[in-house]
Amino acid sequence: SYDFQVVKLYGQFITNKFDNNPTSDNKQKLWELAASAPVGAAGLVKIGYAKSSDYKEATKLGLGYQHNL
């Protein structure tokens, strides 16, 4: 992650290999990008996007708000 003070950026990349089926290519790749930004004195807006690929592809988009009490 890297904090630009106005926005904090996050990122990750993961690879996995599964050995439970030797007849197929059991590799998985996952990457994710996310950001958070302060809103007001106690709020934080969060957004993220992730994509996974193995025998099927999947994508995820998330949006959230955190209010600190």
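Let's start on the surface. Phe 13, Trp 31, Leu 33, Val 39, Val 45, Ile 47, Tyr 49, Leu 61, Leu 63 and Tyr 65 make up a nonpolar patch, with about 1000 Å² of accessible area together. A patch here takes residues with over 30% relative accessible area and no salt bridge; nonpolar side chains (Val, Leu, Ile, Met, Phe, Trp, Tyr) are joined within 5 Å, like charges within 9 Å. Areas come from the Shrake-Rupley method with a 1.4 Å probe, and for residues only the protein chains shown count as cover. Strand E3 (27-39), strand E4 (43-53) and strand E5 (57-67) each give two or more residues to this patch.

A word on the source. This is a predicted model: local features need pLDDT of at least 70, side-chain atom pairs count only at pLDDT 80 or more, and totals for chains, interfaces and linings use all residues. Residues are numbered from 1 along each chain as its sequence is written, and side-chain values use heavy atoms, with hydrogens and water left out.

Now the overall picture. The protein has five strands and zero helices. From the N terminus on, that reads β-β-β-β-β. Strands (E, at least two residues) and helices (H or I, at least four) are DSSP runs, numbered from the N terminus. The accessible surface of the protein is about 5700 Å², and 56% of that belongs to carbon and sulfur atoms. Of the 69 residues, 13% count as buried. Buried means under 20% relative accessible area, exposed means over 50%, and partly exposed is in between (1.4 Å probe, protein chains only). On contacts, meaning heavy atoms within 4.5 Å: among those between residues at least 6 apart in sequence, 23% join residues at least 24 apart.

Tyr 65 sits in strand E5. Tyr 65 is exposed, at 51% relative accessibility. Trp 31 is partly exposed at 31%. Tyr 49 is partly exposed too, at 34%.

Next, the rings. The structure holds two aromatic pairs. One of them is Trp 31 with Tyr 49: tilted, 5.6 Å centre to centre, 50° between the planes. Trp 31 belongs to strand E3 and Tyr 49 to strand E4, so the pair ties together parts that are 18 residues apart in sequence. The cut-offs: rings of Phe, Tyr and Trp (its six-membered ring) pair if their centres lie within 6.5 Å; planes under 30 degrees apart are stacked, over 60 edge-to-face, the rest tilted.

On to charges. How many salt bridges does a search of the whole structure find? One. Glu 57 pairs with Lys 51, the closest N and O atoms being 3.3 Å apart. The criterion is a side-chain nitrogen of Lys or Arg within 4 Å of a carboxyl oxygen of Asp or Glu. Glu 57 is exposed at 58%. Lys 51 is partly exposed at 27%.

Now a buried site. Ser 36 is in strand E3. Ser 36 has 6% relative accessibility and counts as buried. The side chain of Ser 36 makes a polar contact with the side chain of Tyr 10, at 3.4 Å. That term means N or O atoms within 3.5 Å; within protein, one must be able to donate a hydrogen and the other to accept it, and residues adjacent in sequence count only if both atoms are side-chain atoms. Leaving out residues up to four places away in sequence, Ser 36 touches Val 6, Val 7, Lys 8, Tyr 10, Leu 44, Val 45 and Lys 46.

Last stop, Gln 5. Gln 5 lies in the loop between strand E1 (2-3) and strand E2 (8-17). Phi of Gln 5 is near 75°, a positive value in a residue other than glycine. Gln 5 is exposed, with 65% relative accessible area.
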